[in-house]
Amino acid sequence: SVDTKLKIWDIRRKACIQTYRGHAQTIRQIHFSPDGRWVISGGDDGAVKLWDLNQECSCAGSLGTRGSVWAMVVLEGLLVGAVGDSSIKVWRMDTWDLITTLSGHRGLVLALAVYKDRLISGSDDRCIRVWRAGSWECERVLTGHDGGVVGICFVQGNLISASNDSFIKIWNSSGNPRPFTAK
């Protein structure tokens, strides 16, 4: 939230059951670990925090970055974050060591998604990039939006992107937008 707190809610009771404090500015991203034990948060204060859900309000680790945390995903024990500029950082979750920095976008990276062994990034530069996990090579650049790409996800194996050009696009496996484009 903009109030710098991370809250866990019981949806059935419509009640906040836990409040985590530790960020100094707006929290922009949260992500649950695949095993459901951890919550990872990132915010405008440049901090990425790892919260242990088994320990009441316990911050189990933190790392500082240079800029707002715009997007995060977890991929095979790695935390991938879009932090403050046009690069993407990859950290080991067990040690917080920086593994690599991915460069290629010319604008803020605003969206990240994972599909199998691929990392997909969307940027204010109007492009979507497909990276191979491990080698971290950029395999493909998808173009077709007239504004920054602010959201990406996979639904039934299809890449869907949203842009501030007011369009949602569905991409086929060859990297071309499918005929369906919603405005």
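Ile 128 stands opposite Leu 142 in β14, where strands are DSSP runs of E with at least two residues, numbered from the N terminus. The model is predicted, so to speak of local features a pLDDT of at least 70 is needed, side-chain atom pairs count only at pLDDT 80 or more, and totals for chains, interfaces and linings use all residues. Residues are numbered from 1 along each chain as its sequence is written, and side-chain values use heavy atoms, with hydrogens and water left out.

Strand β13 (residues 127-132) pairs with β14 in the antiparallel sense over five bridges; two strands count as paired if DSSP finds at least two bridges between them. Both strands belong to an open sheet of four, ordered β11-β12-β13-β14, with antiparallel pairing. Its edge strands, β11 and β14 (138-143), each pair on one side only. From one strand to the next, the twist averages 20 degrees, an angle between N-to-C directions (range 0 to 180 degrees) of axes fitted to C-alpha atoms.

Next comes the packing of nonpolar side chains. The largest nonpolar core has 15 residues, and Val 80, Ile 88, Leu 102, Leu 112, Leu 119 and Trp 136 have the most contacts inside it. Such a core is a set of buried Ala, Val, Leu, Ile, Met, Phe, Trp, Tyr and Cys residues joined through side-chain atoms within 4.5 Å; buried means under 20% relative accessible area, exposed over 50% and partly exposed in between (1.4 Å probe, protein chains only). At least two residues of this core come from each of β7 (69-75), β8 (78-83), β9 (88-92) and β11 (109-115). A second, separate core of 12 residues includes Ile 40, Val 48, Leu 50 and Val 69.

The structure also holds two aromatic pairs, defined by ring centres within 6.5 Å for Phe, Tyr and Trp (its six-membered ring), with planes under 30 degrees apart counted as stacked, over 60 as edge-to-face and the rest as tilted. Tyr 115 and Phe 154 are stacked, because their ring centres lie 4.4 Å apart and their planes are at 15 degrees. Tyr 115 lies in β11 and Phe 154 in β15 (residues 149-155), so the pair ties together parts 39 residues apart in sequence. Tyr 115 is partly exposed at 30% relative accessibility, and Phe 154 is partly exposed at 25%.
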